[in-house]
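Please look through the chain shown here, and then read the notes that follow, which move from single residues to the whole fold.

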Amino acid sequence: MPNWCGNTLRIEHEDGNIEENSCLRTQTRFFTATDSCGNVSYTSRTVSWTSDTIKPVIYLPQHGSHAGCNPNLEQIESTLGQATAEDNCAIATLTHTDSEVFSEDCMRFQQRIFTAVDTNGNISTAVRQIEWRVDSIEPVLAVNDIMEDAGCNPDSAAIDKAFGVASATDNCGGVQINFTKLPPESEGCIYQQTRIYTATDSCGNKTSRAITIRWTQDTTSPSMSVSGSTLDAGCNPDPSAINNALGEAAATDACSAVTIQILDGPIFINGCIRTQTRTFIASDSCGNTSTGSRTVHWSVDTLAPSITLIAPR
């Protein structure tokens, strides 16, 4: 400060308090100039600055981090998402970079690194990691212990067992096995039914296999008729005549062929009279049976009569 009188000047200053307004700081310095004649002048200078050592806060996307199965680039980008940032003092500039995709079996992983920088150079980073599954291979489905013929008159448990046991494996993880049963179909006594097994992996890839079994529904006994030459084989018949008299049987069944079993009982003797019974048992393939019999008799007598002569009186 010039002094036109050539006097010596004394300059003094005093600093005011630092004023705070959020992150803004303000301070004033007051100057006093006094010459040797006691004349005084005043002036001041006010400066401001920002006090900020706090990093911005980054808010990551809140939606799920699993992009599902076989996502396209748009779906991956949507899952990675966008973050937001706040700063206590200024506007934060938010940028991001994406890592390369990492693989582990069928799983894929990728990170998006968000960086927020405020105007005072404070920096924050946050990482969002997402994952997805790459799987277009169908599960391998196997059905073991199948009984294509469930036999005769099976109950529901036997039918269920005949369809076998299904198992499945997948290249990427767990598999769920379900089945559907079609209604039974019949033709005469023969029934058949189909069960469709379906194995589904976590990506919705499916493998199906149809198993068809059959069974016979038959609780009716065979129809049997018995015939022979006679029930009285006469006197002293030979074995052939006795056999013809005991006869034979014929049988039919609505569902299957019939087997006839012949059982000849013992010969009973009562004086000269002989009696024998032949029993016929007809069985179908389901074990239903019918029984019939013929009983014949004959005389065995090879002795001539005894004659006694009586003298006339």
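## Two loop residues with positive phi

In this predicted model, Ser22 is found in the loop that runs between β2 (19-21) and β3 (24-34). Although Ser22 is not a glycine, its phi is positive, at about 60 degrees. Most residues other than glycine have a negative phi. Ser22 has a relative accessible area of 56%, and because exposed means over 50%, this residue counts as exposed.

A second case is Asp145, a residue other than glycine whose phi is likewise positive and near 60 degrees. Asp145 sits in the loop between β12 and β13 (149-152), and its relative accessibility of 61% places it among residues that count as exposed.

## Overall form

The secondary structure of the protein consists of three helices and 25 strands. The radius of gyration is 56 Å, whereas the globule rule gives 20 Å for 313 residues, so the protein is more spread out than a compact globule. Along the principal axes, the C-alpha atoms fill a box of roughly 220 × 35 × 25 Å.

Of the 313 residues in the protein, 29% are buried, and the accessible surface comes to about 20300 Å², with 50% of that area belonging to carbon and sulfur atoms. When contacts between residues at least 6 apart in sequence are considered, 54% of them join residues at least 24 apart.

In soluble globular proteins, nonpolar side chains tend to be buried together. Here the largest nonpolar core has 11 residues, including Leu141, Val143, Phe163, Tyr197 and Ile211. Four elements, namely β12 (140-144), α2 (156-162), β17 (190-201) and β18 (206-216), each supply at least two residues of this core, and the largest share, three residues, comes from β18.

Which residues does Ile159 touch, if those up to four places away in sequence are not counted? Ile159, itself a member of the largest core, touches Pro154, Gln193, Ile213 and Trp215.

## Salt bridges

Side chains of opposite charge can pair when their charged atoms come close. A search of the whole structure finds seven salt bridges, one of which joins Arg10 to Glu12, with the closest N and O atoms 3.6 Å apart. Both partners are partly exposed, since Arg10 has a relative accessible area of 48% and Glu12 has a relative accessibility of 42%.

Another salt bridge brings together the side chains of Asp15 and Arg29, at 2.5 Å from N to O. This pair links distant parts of the chain, for Asp15 belongs to strand β1 (residues 10-15) and Arg29 to strand β3, and the two are 14 residues apart. Asp15, at 37% relative accessibility, counts as partly exposed, and Arg29 is partly exposed as well, with a relative accessible area of 35%.

## A further pair and a network

Asp264 and Arg278 also meet through their side chains in a salt bridge, with a distance of 2.5 Å from N to O. Here too the pair links distant parts of the chain, with Asp264 in strand β22 (residues 258-264) and Arg278 in strand β24 (residues 273-284), 14 residues apart. Are the two partners buried or exposed, or do they lie in between? Asp264 is partly exposed, with a relative accessible area of 42%, whereas Arg278 has a relative accessibility of 6% and therefore counts as buried.

Finally, salt bridges that share partners join Glu77, Asp98 and Arg112 into one network.

Terms used
Residues are numbered from 1 along each chain as its sequence is written. This is a predicted model: local features need pLDDT of at least 70, side-chain atom pairs count only at pLDDT 80 or more; totals for chains, interfaces and linings use all residues. Side-chain values use heavy atoms; hydrogens and water are left out. A nonpolar core is a set of buried Ala, Val, Leu, Ile, Met, Phe, Trp, Tyr and Cys residues joined through side-chain atoms within 4.5 Å. Buried means under 20% relative accessible area, exposed over 50%, partly exposed in between (1.4 Å probe, protein chains only). Contact means heavy atoms within 4.5 Å. The radius of gyration is taken over C-alpha atoms; the globule rule is 2.2 Å times the number of residues to the power 0.38. Accessible areas come from the Shrake-Rupley method with a 1.4 Å probe; for residues, only the protein chains shown count as cover. A salt bridge is a side-chain nitrogen of Lys or Arg within 4 Å of a carboxyl oxygen of Asp or Glu.
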